[in-house]
Amino acid sequence: MSLITTADTVEEWVELAHAEGLTDGLPVYPPTRAAVDALVEASGRDPSQLLGAIPPRGGAATVEVVAANAAMAGCRSEQFEVVLTAVEAMLEDRFNLRGVVTTTHPCWPLVIVSGPIVEQLEMAHTESVFSGGGAHANAAIGRAVKLLLWNAGGATPGEPVKEVFGHPGRYAFCVAESPASPWPALHQARGIDAASGITVFACESPTSVAMWGADDTPVNRLAQLSDAMAIKGCNNTHTMGETLVVLTPNEARHMAENGYDRATVQEQLWQQARRRIGDLLSPGVPPYAWWPDWVDTSDPDTLVPVTERPEDIHVMVTGAESIPWMAVCAGWGNLGGYAVSRALDG
Amino acid sequence: MKFVGELVDPRGQVVINDGALASRRGHTQGPLTIGFLVNEYNPSSGPDFTRYTEVLEQEFRHRLDVTAVVRQHKPVLSRPAGDEMLASFRACAGVVNGLAK
């Protein structure tokens with residue numbers, strides 16, 4: 001812990017934080033000792049407990065440092081454990097946080113919160129869910145993660161971040177799964193035996209898929225979604241990896257009423273979301289080395305799936321009960337950002 | 001609005017990596033083996049580092065007593081090379097890493 005600067009007023013602090021490079025442009029709260037201590041105490045953890053070094057800068061993410069960034073985001077005590085758990089998940093090697101943060105690609109860690117804790121924290125899970133839904137928790141949790149990666153990780157545009165276009169979620173990227181889903185929570189489907197949990201996954205902003213021209217049969221609705229999953233230029237289309245699809249609660253119920261569980265949706269999407277090799281490669285461009293051996297690259301008519309396995313298509317239920325609608329959040333492909341799920345208390 | 005008190009640094013102390021460095025031979029006396037670790041086997045766009053290493057190889061053979069080369073390509077450019085791949089460079093006097101694009 002250290003005294004980094006002084007300010008006599010909050011207004012002065014806001015300008016100082018910008019001048020010191022402690023924020024990405026949005027104003028931040030001052031990380032006062034009192035606010036930080038309150039978050040640490042609420043977590044029940046030792047303030048010096050090290051979660052890991054945040055790449056690429058390598059700043060030590062102790063519980064206290066995470067709390068400082070959470071305080072700057074306006075996090076409340078009951079939200080802090082979600083932030084800590086999400087950070088721990090992102091620091092797993094398979095997530096490749098260094099790559100996710102600095103890549104040219106517009107992806108960012110999405111924090112997906114599932115289970116009873118969604119309602120306990122009054123998280124938004126209906127209209128505008130991907131833009132916070134007006135809920136304090138969605139915004140504060142997503143913002144806390146961003147500020148930690150900015151301050152401890154040094155994730156600043158230009159150097160070392162090479163992101164070509166940017167991602168609106170780099171301000172805050174946290175959503176909650178709908179309690180009205182007919183299926184088990186996402187973290188449970190991924191093998192976490194807990195009522196509440198989080199899943200972190202590095203992905204693009206949602207690409208909207210309205211059901212224009214599609215009848216109400218699940219197979220044709222999913223065919224519509226599949227088309228959006230396999231666009232040229234998408235990292236999944238060219239390298240596989242993992243991807244995330246989003247169904248509204250009423251769409252998910254409609255699937256379930258027709259006998260579809262999550263696995264069936266995954267399998268059907270995996271079968272349909274494919275692209276002909278001949279369409280993906282310009283003449284003379286060799287096939288990609290990261291496609292598995294069972295992809296026949298010698299035949300231009302081979303249909304390549306966007307993931308290696310159906311279970312690499314993560315299916316989440318959230319959003320408004322509204323007209324038929326789905327979305328796809330493409331992943332970073334086979335370069336990293338793979339989903340990691342953890343249990344939460346509550 | 002006025003407030004008083006200590007502010008906690010949100011940046012955290014930088015963690016120094018204490019991992020062992022590769023041994024330094026400290027000489028360029030031959031015969032030498034040089035390694036090339038290329039980030040991507042057949043890039044569809046951007047610099048062709050495989051070709052770059054071929055040019056470097058010629059220079060090394062000409063200017064230094066390089067008699068052997070180990071050339072490896074990472075299967076995924078954004079992830080570190082695996083242990084087996086790194087072990088293949090153990091006998092090298094030096095290794096040139098491919099740059100990311």
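Start by selecting Arg11(B) and Asp9(B): their side chains meet in a salt bridge, with N and O 2.9 Å apart. A salt bridge here is a side-chain nitrogen of Lys or Arg within 4 Å of a carboxyl oxygen of Asp or Glu. Arg11(B) is partly exposed at 24% relative accessibility, whereas Asp9(B) is buried at 16%. Those words have cut-offs: buried means under 20% relative accessible area, exposed means over 50%, and partly exposed lies in between (1.4 Å probe, protein chains only).

Before moving on, a word about what you have open. This is a predicted model, in which local features need pLDDT of at least 70 and side-chain atom pairs count only at pLDDT 80 or more, while totals for chains, interfaces and linings use all residues. Residues are numbered from 1 along each chain as its sequence is written, chains are lettered from A and ligands numbered from 1 in the order in which they are written, and side-chain values use heavy atoms, leaving out hydrogens and water.

**Stop 1: where the two chains meet**

Colour chain A and chain B separately. The contact takes 39 residues from chain A and 20 residues from chain B, where contact means heavy atoms within 4.5 Å. Together the chains bury about 2600 Å², with 61% of it on carbon and sulfur atoms. Buried area is the accessible area (1.4 Å probe) that two parts lose on being put together, summed over both.

Which side chains form the salt bridge between Glu6(B) and chain A's partner? Select Glu6(B) and Arg33(A), whose N and O atoms are 3.3 Å apart.

Now highlight helix 1 (10-19), helix 2 (33-43), strand 2 (59-62) and helix 3 (63-72) of chain A, the elements that give two or more residues to the side touching chain B. Helix 3 of chain A gives the largest share of that side, 5 residues. Helices (H or I, at least four residues) and strands (E, at least two) are DSSP runs, numbered from the N terminus.

**Stop 2: the two domains of chain A**

Colour residues 10-204 of chain A as domain 1 and 207-333 as domain 2; such bounds come from an automatic or database domain assignment. Their C-alpha centres lie 27 Å apart. At the boundary, 31 residues of domain 1 are in contact with 27 residues of domain 2. About 2100 Å² is buried between these domains, and carbon and sulfur atoms give 68% of that area. Select Trp183(A), Phe201(A) and Glu204(A) next: they supply 31% of the area that domain 1 buries against domain 2, more than any other three residues.

How many salt bridges are counted between the two domains? The count is 2. For another salt bridge to look at, pick Arg262(A) and Glu177(A), with N and O 3.5 Å apart.

**Stop 3**

Select residues 136-151 of chain A, which make up helix 7. Of the 16 residues, 14 are buried, so helix 7 is largely enclosed by the rest of the structure.

Zoom in on Arg143(A), which sits in helix 7 of chain A. Is Arg143(A) buried or exposed? Arg143(A) is buried, with a relative accessible area of 8%. Leaving aside neighbours within four places in sequence, its contacts include Thr23(A), Asp24(A) and Tyr171(A).

**Stop 4: more salt bridges**

Over all chains the count comes to 24 salt bridges. Show Lys162(A) with Glu159(A), whose closest N and O atoms are 3.1 Å apart. Lys162(A) is partly exposed at 41%, while Glu159(A) is exposed at 57%.

Then show Arg276(A) and Asp301(A), joined at 2.6 Å, N to O. This pair links distant parts of the chain, 25 residues apart: Arg276(A) is in strand 8 (residues 274-276), and Asp301(A) is in the loop between helix 13 (277-280) and strand 9 (303-305).

Finish by selecting Arg45(A), Glu81(A), Glu88(A), Glu92(A) and Arg342(A), which are linked in a network of salt bridges.

Methods: Expected span 1.5 Å × (residues − 1).
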